[in-house]
Amino acid sequence: MLAYAVKRIGLGILILVLVMVAMYAAVFLVPGDPATVALGPRATPELKRLLIERMGLDQPVWWQIVEFFRNALTGNLGYDVWSNRPVSTLVLEALPNTLILSLTALSVALLLGVPLGCLSVMRRGTAADAVIGVLSVGVIAVPSFVVAIYSLLVFAVTLRWLPAIGAGEAGDFISQAKALVMPAAAIALGWIGYIARMVRASMMEVMGEPHIRTARSFGLPEWKIVSKYALRIAIIPTISLVAVGLGSILSSAVFVEAVFARPGIGKLITDAVNTRNYPVVMGTVLIMTAIYVSITIAADLLIARLDPRVRDVFRG
Amino acid sequence: MTGSLAASDLSVRYETPHGAVYALRHVDIEAHPGEVIGIVGESGCGKSTLVTALANLLPANARIDGSIRYNGVDLAKLDAHRQRLLRGDEIALVSQDPMTAFNPVLTIGDQLVDFQHHRKDLGRAQKRARIAAMLGRVGIADAERRMQSYPHELSGGMRQRVAIAAALLTDPGLLIADEPTTALDVTMEAQIIHLLRELRRDYNGIIIIVSHHLGVIAELCDRVYVMYAGEVVEGGEVDAIFHGARHPYTQALLACDPARFHERLDRLPTIPGSLPNLTQPPSGCVYAPRCDRAFAPCATIAPPLMKLAASHVARCHAVTP
């Protein structure tokens with residue numbers, strides 16, 4: 001198990017390096033001079049040269065990458081070219097908002113999606129199953145920015161129940177929670193349906209396995225069979241799905257943060273790309289990739305924890 | 001509590017999109033406490049449907065007619081909840097394949113504790129103590145450690161022992177073993193038969209053993225029912241059936257038992273022909289198309305169950321007492 005974890009972490013670091021190499025290659029390959037794009041056609045050559053130097057773009061690409069990782073290892077992710085603030089500070093300021101948003105959305109999706117999937121299986125073939133099925137497919141089909149815009153119109157503009165923009169007053173929990181409702185719902189809605197479908201599908205498969213018949217032959221109540229005997233096996237594909245889907249949850253956070261003008265990583269990246277603020281883009285991408293890779297590793301380790309057969313494969 | 005079991009005129013059909021499959025037709029069997037009953041027949045003869053019906057585990061598309069009286073209660077008429085309360089309490093099933101019978105992600109001990117859930121009077125520690133004792137009784141050494149094991153860490157024979165222990169833990173009045181040795185190799189099979197023989201000495205309830213293996217039935221059972229195409233074609237004491245079979249199908253089945261041949265054969269003997277289509281069961285005798293003694297009435301008139309001796313019955317026009 002330990003060897004497996006070490007191997008996965010090593011692989012994760014390799015992925016980080018490859019992503020950053022790709023990022024630098026992209027900047028190098030994109031046609032046009034980033035300084036001209038950022039400063040406009042009428043900037044003086046001195047100003048352009050100054051900007052290029054500050055972003056380190058006058059160095060060879062491989063040297064830029066080496067420098068980036070050397071600095072990153074000491075916790076230095078470079079400096080914002082416009083405000084001169086450390087990128088690590090910017091990311092650390094924005095990260096909690098995005099993490100709270102993504103984790104709230106994910107928790108809501110799991111807390112509603114898994115029981116709905118189980119209910120579908122327990123009531124299979126009935127009206128409840130059909131309603132859950134139709135609703136699930138419906139919410140999967142609606143993009144999160146559509147939910148975001150319509151919920152803004154209904155709950156913020158018309159009903160005035162919830163704030164339209166921002167992340168709430170600092171230190172005021174109620175205000176922060178209210179500001180979280182719509183963005184989280186916008187991201188979670190589709191995932192509720194997705195998880196419910198996934199849980200139902202894998203649960204139906206597990207419910208047909210002989211060991212479920214054994215549990216039934218001992219007269220175990222159906223809810224216990226579903227929640228203990230079937231769910232522990234059926235949840236495994238859902239965990240993988242959620243771990244992979246976290247990338248898409250984080251990217252919907254980018255849109256949703258833009259719609260609700262909510263400070264966060266998404267807004268940080270969009271603003272940085274628009275102003276060609278390369279150090280901020282690179283630093284943020286590194287942190288997001290690191291988060292994504294760690295979640296995938298954590299999910300694999302969780303699966304190994306849940307399924308003793310997987311555990312033994314890695315032990316042996 | 002132990003009581004008698006009697007299925008009378010029991011029929012089961014499965015509703016499928018291609019029409020109904022009449023898997024079990026007009027079956028009469030009875031069993032009394034202390035008896036070991038064998039049910040034998042080739043694949044598809046309805047023996048699994050019969051025991052599934054006895055264990056109240058038929059799938060949702062099954063329709064059941066007739067009655068299954070156990071302790072004076074008709075199991076076929078009970079609602080799902082009352083049926084569930086009987087399963088794992090009065091009725092226990094040892095299922096066919098020990099490799100897949102247990103949940104792969106829960107420990108043996110955890111599952112066997114759950115299987116005793118009808119025993120509200122026992123605490124978790126007491127249940128675990130009962131498990132350890134029962135595992136010892138079915139011949140599993142190091143029971144405490146085995147309870148911590150996951151099913152895939154146990155061999156097939158060991159898992160079948162655990163399955164038998166699980167059934168015995170519930171102290172059932174009716175113990176059904178569906179092909180208990182089919183998935184095992186010959187050595188394991190012998191060990192499990194030995195175990196079942198030991199157990200029947202101090203067990204007072206009814207044991208029903210399903211098998212297509214004639215040797216298993218002969219070794220373990222007091223009485224045997226022979227099934228063909230969803231019907232019981234002959235039933236009686238094991239000796240009477242194995243040495244004085246009257247139904248042509250039983251005779252053909254015994255003649256084909258590989259255990260009877262000691263010299264090397266190029267081809268194993270078989271019964272010519274194949275099973276009738278159970279979506280449209282024949283109006284006459286189900287065995288008539290394959291029977292070498294079939295005559296005029298066999299194709300059109302279904303033979304009644306003829307009583308030949310005190311407990312010997314056969315369903316054949318050609319057989320007379």
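Seventeen is the count on one side: 17 residues of chain A are in contact with 23 residues of chain B. Two residues are in contact if their C-beta atoms, placed from the backbone, lie within 7 Å. The model is predicted; local features need pLDDT of at least 70, side-chain atom pairs count only at pLDDT 80 or more, and totals for chains, interfaces and linings use all residues. Residues are numbered from 1 along each chain as its sequence is written, while chains are lettered from A and ligands numbered from 1 in the order in which they are written.

**Where the chains touch**

Which elements of chain A give two or more residues to the side that touches chain B? Helices here are DSSP runs (H or I, at least four residues), strands are runs of E (at least two), and both are numbered from the N terminus. α9(A) gives the most, with six residues. By type, this side of chain A has seven nonpolar, four polar and six charged residues. Ala, Val, Leu, Ile, Met, Phe, Trp, Tyr, Cys and Pro count as nonpolar, Asp, Glu, Lys and Arg as charged, and the others, Gly among them, as polar.

**Chain A**

Chain A has 13 helices and zero strands. Its C-alpha atoms fill a box of roughly 80 × 60 × 40 Å along the principal axes. Of its 316 residues, 33% are buried. A residue is buried if 20 or more other C-beta atoms lie within 10 Å of its own, exposed if 12 or fewer, and partly exposed in between; the C-beta atoms are placed from the backbone. Among contacts in chain A with a separation of 6 or more, 72% join residues 24 or more positions apart.

The domain assignment gives chain A domain 1 (2–73) and domain 2 (96–263). Such bounds come from an automatic or database domain assignment. The domain centres, taken over C-alpha atoms, are separated by 36 Å.

Confidence is given as pLDDT, the predictor's confidence in each residue, from 0 to 100. Chain A averages 84, and 97% of the residues score at least 70. Within chain A, α13(A) has the lowest confidence, at a mean of 68, and α9(A) the highest, at 91.

**The core**

The largest nonpolar core has 160 residues. A nonpolar core is a set of buried Ala, Val, Leu, Ile, Met, Phe, Trp, Tyr and Cys residues joined through C-beta atoms within 7 Å. Those with the most contacts inside this core are A230(A), I176(B), I208(B), I209(B) and V226(B). Helix α8 (residues 173–207) of chain A gives the largest share of this core, 19 residues. Domain 1 (2–73) and domain 2 (96–263) of chain A both give residues to this core, so it lies between them.

What does I176(B) touch, leaving aside its neighbours within four places in sequence? Its contacts are V51(B), L54(B), A55(B), L93(B), V94(B) and I208(B).

**Sheets in chain B**

An open sheet of eight strands in chain B has the order β6-β7-β8-β3-β9-β10-β12-β11, with mixed pairing. Its edges are β6 (91–94) and β11 (306–307); each has a single partner strand, so one side of each is left without a neighbour in the sheet. Strands pair if DSSP finds at least two bridges between them.

| Strand pair | Sense | Bridges | Residues opposite |
| β4(B) and β5(B) | antiparallel | two | Y70(B) and V73(B) |
| β6(B) and β7(B) | parallel | four | V94(B) and A177(B) |

The hairpin of β4(B) and β5(B) has two residues between the strands, and N71(B) there takes a positive phi near 55 degrees.

N56(B) sits in the loop between α1 (47–54) and β4 of chain B. Is N56(B) buried or exposed? It is buried, because 22 other C-beta atoms lie within 10 Å.

E179(B) has a positive phi of about 50 degrees, again without being a glycine. Its place is the loop between β7 and α7 (186–201) of chain B. With 20 other C-beta atoms within 10 Å, E179(B) is buried.

H243(B) lies in helix α9 (residues 238–244) of chain B. H243(B) is exposed, because 9 other C-beta atoms lie within 10 Å. H243(B) and L254(B) are 11 residues apart in sequence and 9.5 Å apart in space, C-alpha to C-alpha.
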